[in-house]
Amino acid sequence: MSNHPLVEVKDLAKIFDVSAPWLNRVVERKPKMYVHAVDGVSFTIERGKTLALVGESGCGKSTVARLLVGLYKPTQGVVSFDGADIAATLATPEGRTLRRRTQMIFQDPYASLNPRWKVQDIVGEPLREHGMVNGSDELQQRVIALLQSVGLAAADVEKFPHQFSGGQRQRISIARALATQPEFLVCDEPTSALDVSVQAQVLNIMKDLQRERGLTYLFISHNLAVVRHVADQVGVMYLGRLVELADKKDLFDNPRHPYTRMLLDAIPDIHMTGRSRTPVQGEVPNPLNPPSGCSFHPRCPLANDRCKVERPALAEFQGIKIACHAVAEGRA
Amino acid sequence: MTAPLLEVRNLRVEFPTRRGTLLALDDISFDIAPGEILGVVGESGAGKSLTGAAIIGLLDPPGRIASGEIRLEGKRIDNLGYEEMRRIRGRQIGAIFQDPLTSLNPLYTVGRQLVETITTHLPMSQSEARKRAIELLEQTGIPAAAQRVDQYPHQFSGGMRQRVVIALALAARPKLIVADEPTTALDVSIQAQIISLLKNLCKEQGAAVMLVTHDMGVIAETCDRVAVMYAGRVAEIGPVQDVIHKPAHPYTTGLMGSIPAMDEDRERLLQIDGSMPRLNSIPTGCAYNPRCPKVFDRCRVERPNLIQAGATRVACWLHAEGQENRA
């Protein structure tokens, strides 16, 4: 057993070119425009653990997910999986093995399953593609075993996606992701499209599977209560950057970054009936034109002149990682 | 006890289809008092949005009210014609929908839409209405309202658009606001702003609110009373505190247990197995009986009506007379 973490991300960045077409740029004299969707993100995930990334829309959490499975090429930085650089390995013949070892579960089970395929084909495709079975009998048996491991019935192999409810569809996605016996699963908002009672079913299955198979998860969500339930470590993202990275307990018991505090305070809680509060003002700025210095400073109650000009780096602070001048200076 | 502002009595909504009539809402009854915030909660397909649509008279055809009554300040509004209902909508009942982008006209400036609403319902001149529009935008917390009144919806962010929609709903000072998932499309930090805005404005104006949402947290923080819906029926209705802390219906208990909590650590969430029945295959007896952990013989054959159980009213045989030991 190796000691290095399963997934290691160093200074990862992804820049998208969102410029207007060439003719428009020439005629209307528009400049080239770039979005720094992910900007210098670093973290590690230990084997068998769950790292959750949270943040509001447009903070770059889904882009990180796609970079980790190789759906995007990083503009800068390295993602290494079990010691090997993902972007470099995918170009070589070993890339297939790597693809087998990492799989992804997407947000919307209505869009991520082919409506014209039977469950048999949907779940069996990765097995066939990676040559993991011999003959159709074995394929069918493997598919049935996979379906049963996520709580579906053997008879479901003959059905089409439209014959299932949202929660059942998400289980099919999970069964498909598990088909190649991956070690690492990237889950991009796997329960956001589901009702709470169904969400509970899916979260329980994911936890059971992690225990049985020793899976490692990257779990992307905007729901802090869900994150608290599944994660070991939590990273909070704001406008493409990690602002706080800590163990779950530290983060929820003692949030340090003003943005983390704001997020935690904003969640309506069923045990706080009739609570009145003053929510933090302002909105997430346009990522095309992010504020100078610390990108949270226009909304931050602790911002001072330094925050407006100098961008804080993610640094070790009392056992957690945080990017905030106010915390580092002891003003928080 | 003041007279209720809105009374819904035995409301049934049907959708006739080629394969038979689907009963989407079945025997819904509740009241909303003046100034009260009633939460309506349930999972997708429970009929919560449909209840809101029936009250504001915007049921999509072929849906129709089959029987029952809706009364606003004692006057029936469920049988009014299109024109009469149009005058009530906006003037007496305001509506806020989930997606603020689709509830605003992209071709008109925000100000023009507000002025149109105000002059339709209130005796005001154009210039007075414009002044009132700017006032409304200021009240909903839009900075530089005097400039932004002349901008188009696409120039506003999601949270700001929802503020405009709230301003529109409140423009004619209605007595009742039907808000259908007003914060579902928004991020949590914006959701908190919008909820507290809605709560404060309605308090100032003395407007009652029917808040439809699937988020128990929002209900807990905002509402006075809550109705839990399941498969087109009210499963439980009562004061928020009681329903959340002492749920009487097994469905409410399951729903509360399946929400990951922020202040306790559990290895597994309580889960309700199965899913909500489809409208064409609602089980006989209590609609929840196939999923209910406390089901007994009577539940499978006879449908429970709302029964008083402590402070709440609940549709469950566990609370019928002689069954106290089971609950």
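## Size and make-up of chain B

Along its principal axes, the C-alpha trace of chain B spans about 65 × 50 × 45 Å. Chain B has 11 helices and 12 strands; helices (H or I, at least four residues) and strands (E, at least two) are DSSP runs, numbered from the N terminus.

Of the 327 residues of chain B, 46% count as buried. A residue is buried if 20 or more other C-beta atoms lie within 10 Å of its own, exposed if 12 or fewer, and partly exposed in between, with C-beta atoms placed from the backbone. Among the contacts in chain B with a separation of 6 or more, 63% join residues 24 or more positions apart. Two residues are in contact if their C-beta atoms, placed from the backbone, lie within 7 Å.

## Numbering and confidence

Residues are numbered from 1 along each chain as its sequence is written, while chains are lettered from A and ligands numbered from 1 in the order in which they are written. Because the model is predicted, local features need pLDDT of at least 70 and side-chain atom pairs count only at pLDDT 80 or more, whereas totals for chains, interfaces and linings use all residues.

The mean pLDDT (the predictor's confidence in each residue, from 0 to 100) of chain B is 89, and 97% of its residues reach 70 or more. For the complex, the predictor gives an ipTM of 0.77 and a pTM of 0.83.

## Chain A

Chain A has 13 helices and 12 strands. Its radius of gyration is 22 Å, close to the 20 Å that the globule rule gives for 332 residues, so chain A is as compact as a globular protein of that length. The C-alpha trace of chain A spans about 70 × 55 × 45 Å along its principal axes. In chain A, 43% of the 332 residues count as buried. Residues 24 or more positions apart make up 65% of the chain A contacts with a separation of 6 or more.

An unreviewed UniProt entry lists residues 7–264 of chain A as "domain: ABC transporter". UniProt positions are given here in the numbering of the model, feature names are shortened, and annotations may be inferred rather than shown by experiment. Over residues 7–264, chain A is 41% helix and 25% strand, and the end C-alpha atoms are 27 Å apart.

## Where the chains meet

In the complex, 36 residues of chain B are in contact with 35 residues of chain A. Four helices of chain B, α7 (188–205), α8 (216–222), α9 (240–245) and α10 (250–257), each supply at least two residues of the side that touches chain A. Of the elements of chain B, α7(B) gives the most to this side, with 7 residues.

By class, the side of chain B that touches chain A has 16 nonpolar, 14 polar and 6 charged residues. Here Ala, Val, Leu, Ile, Met, Phe, Trp, Tyr, Cys and Pro count as nonpolar, Asp, Glu, Lys and Arg as charged, and the others, Gly among them, as polar.

## The nonpolar core

The largest nonpolar core has 184 residues, of which A:L218, B:L176 and B:M210 touch the most other members. Such a core is a set of buried Ala, Val, Leu, Ile, Met, Phe, Trp, Tyr and Cys residues joined through C-beta atoms within 7 Å. Leaving aside its neighbours within four places in sequence, B:L176 is in contact with B:L5, B:L6, B:I32, B:Q92, B:I93, B:A207, B:A208 and B:M210.

## Backbone details in loops

Most residues other than glycine have a negative phi, and most peptide bonds are trans. The peptide bond from B:P61 to B:P62 is cis, with omega near 10°; B:P62 is in the loop between α1 (48–55) and β4 (64–72) of chain B. A:R29, in the loop between α1 (22–28) and β2 (34–45) of chain A, has a positive phi near 55°. A:R29 is exposed, with 7 other C-beta atoms within 10 Å.

B:E73 also has a positive phi, near 50°, and is placed in the loop between β4 and β5 (75–76) of chain B. With 14 C-beta neighbours inside 10 Å, B:E73 counts as partly exposed.

Conventions: The radius of gyration is taken over C-alpha atoms; the globule rule is 2.2 Å times the number of residues to the power 0.38.
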